[in-house]
Structure formats: C-alpha cells, structure tokens
Amino acid sequence: MRTIDVNLVREAVAELCQKANYELPEDFVAALRTAREKEVSAQGRRVLTLLDQNQAEARKVQMPTCQDTGFVLVFVNVGQEVHLIGGDLYQAINAGVGEGYRSGYLRPSIVQDPLFNRANTGDNTPAVIHTRLVPGDQLTLQVLVKGAGSENCTRLAMLTPAQGILALKAFVVETVKLAGPNACPPLVVCVGVGGTADRALLLAKEASLRSVGAPHPEPLVAELEQELLELVNATGIGPQGYGGRTTALACHIERAATHIASLPVAVNLQCHAVRHQEISL
C-alpha cells in the first residue's frame, strides 16, 4: 500500500491547468506544421502559420494560447494500492483548479447555476471529474481544458445497428459541417461509439487525450479513422473556416460494448487549441 497526500494532487492540478493553457502538446504542433506544408489554400497556409506563431509565443511568455481558458476536466486513475490521506480527493482537485487559474491569471469561465443565476464562480471551479480505479500504486491525473466554442458543437445520435457505419460516417461529417468555423478548425474530431448515450459521450471526450493522429491499435478502427479524416477534409471548410484541405488534423475513435439494438455515436470536436497535460504521482 502506497500513501499519497491529496495536497500533492492539489499542487499537481494547479500546475497542469496552467501548463495546458500555455503549452500545446508537441504532437499537435507537429501535426499543425505537417498540415501547413500540405495545405493548398494560400489563406489556409496563412492561418496555420499564425496559429503556429501564436502557440510558440504563448509557450515562450507563458500566457494562454486562447482567451477562452475553458472548463477543466480531470480524468483520475487511482491505483488500487493507493491510500489517499490529508483530505477529500475531489476537494483537492477543485482547490488545485482554483489556485492554478487565480495565480496563472486565467479567465474564469464557470457559472454555478446554468439556468437562473449565471453568476461566475470566480476561480473556474468546479471541475468535471472522472475517476477510475486501476491496478497498481500510482495516481495519474489527466487534465483537459475545453473551450465552449467547440464544446457547443457536440452531438449525439442514437443510431440503430441496421443504419450501421454508413450512417456513422454521415453523422460525423454532418456534425463538422454544422460546426463550420464555430469550432475553430483545424479540429481533432473525436468519436465515441457504443455503450449507452452517456458512455458514448464520455468515450468521445477520452478520445481527445490520445496523441494527435496516433492511429487506433486495431487496424479496422484505424482505417475508419483515416476514412473519416479524408471525408471531413473534403468538406473544404479549412483552417478557421477560410477554406482549404485542413479542416481536421486527425480523427480519433473509441468504442465500448453496447446493446444488440443500439448504436450510439457521439462526436466531440476539439478546436485548434488541443489542451491537455498529465502526470503520475
């Protein structure tokens, strides 16, 4: 049994919140630069160049890559051999988010009541927390920062098995077309398939944690990801909606078992600021 003080979690979350906002992952930056070399649209190349310059400057001066510093999702994998001490895990996570956003001068964007009193909480809490018990004696934190522009374009379809993969493809492409420039392309198109409605949506979120463009380990899924990417880029929406071949940098699919009569498909679009960081304690 390994003991971990939740104060270490608080400190780690605070740091990850800032790093996620300041430093886009290297895999995303590499995909962005590769896309710029292949983009045929002059305006599209210009946009991709500006996005690259923006992320580089943000990293250099340690300021947010985007003014929408989003809401914070924290995926926590807790080892079965870990004993947490020093307080409540969820309170520690939210304290870390608050500290990270206040000390990092990151914009607070969360309202406590979505309906009647949309008052800002002032420190970007509460976070959206997903916890999983896993083998081992480590605690892993994955922090995902999600802006509203792309999040508002999320869609769910409760397809039937008879509709199959053709309907899935059509739904994914339709979602990207409806989003247009509002999701701030170039995108990472994240697709969750299977489970129940809520599980499919969570799978789509988890898909964004993969390295940009890293193919699914199963060949059939990887093939479908590539086909979807080509279909999305054929829409011509292009970088920031100015036209071109680079509407998306990657498509990621995650799956789960589902009912014999169900085929849930969720699409969650990640904007050009793919912001996530992780650490193991």
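**A tour from the Pro186 loop**

Start by selecting Pro186, which sits in the loop between α6 and β7 (helices are DSSP runs of H or I with at least four residues, strands runs of E with at least two, numbered from the N terminus). Before you move on: this is a predicted model, where local features need pLDDT of at least 70 and side-chain atom pairs count only at pLDDT 80 or more, while totals for chains, interfaces and linings use all residues. Residues are numbered from 1 along each chain as its sequence is written, and side-chain values use heavy atoms, with hydrogens and water left out.

Now show the backbone from Pro185 to Pro186: that peptide bond is cis, with omega near 15 degrees.

**Into strand β7**

Next, select residues 187-194, strand β7. Eight of its eight residues are buried, so the strand is largely enclosed by the rest of the structure (buried is under 20% relative accessible area, exposed is over 50%, partly exposed is in between, with a 1.4 Å probe and protein chains only).

Which strands pair with β7? Strand β8 (residues 248-256) runs parallel to β7, joined by eight bridges, and strand β9 (residues 263-270) pairs with β7 in the antiparallel sense over six bridges. Pairing here takes at least two DSSP bridges between two strands.

**The nonpolar cores**

Select Leu168, Val172, Val189, Val191, Ile253 and Leu269 together: they have the most contacts inside the largest nonpolar core, which has 27 residues. Such a core is a set of buried Ala, Val, Leu, Ile, Met, Phe, Trp, Tyr and Cys residues joined through side-chain atoms within 4.5 Å. The elements giving two or more residues to this core are β6 (155-159), α6 (164-179), β7, α8 (219-233), β8 and β9. Helix α6 supplies the largest share, six residues.

Zoom in on Leu168. Leaving aside neighbours within four places in sequence, Leu168 is in contact (heavy atoms within 4.5 Å) with Leu159, Val193, Leu224, Leu228 and Val265. Apart from that core lies another, of 25 residues, including Ala12, Tyr22, Tyr101 and Leu141.

**The cysteines**

How many disulfides will you find? The count is zero, with a disulfide taken as a pair of cysteine sulfur atoms within 2.5 Å. Select Cys153: the nearest cysteine sulfur, in Cys184, is 8.8 Å away. Then try Cys271, whose closest cysteine sulfur, also in Cys184, is 5.9 Å off, too far for a bond. Cys153 is buried at 13% relative accessibility, and Cys271 is buried at 9%.

**A buried charge**

Jump to Glu39, in the loop between α2 (26-38) and α3 (42-61). Is Glu39 buried or exposed? Buried, yet without a salt bridge: the nearest side chain of opposite charge, Arg245, is 6.0 Å away. A salt bridge needs a side-chain nitrogen of Lys or Arg within 4 Å of a carboxyl oxygen of Asp or Glu; for charge, Lys and Arg count as positive, Asp and Glu as negative, with His and the chain ends not counted. Beyond four places in sequence, the contacts of Glu39 include Leu48, Pro239 and Thr246.

Select Asn124, in the loop between α4 and β4. Asn124 is not a glycine but has a positive phi of about 70 degrees, and its relative accessible area is 0%. In that loop you'll also find Pro126, and the peptide bond from Thr125 to Pro126 is cis, with omega near 5 degrees.

Finish at Gln240, in the loop between α8 and β8. This non-glycine residue has a positive phi of about 55 degrees, and Gln240 is partly exposed at 24%.
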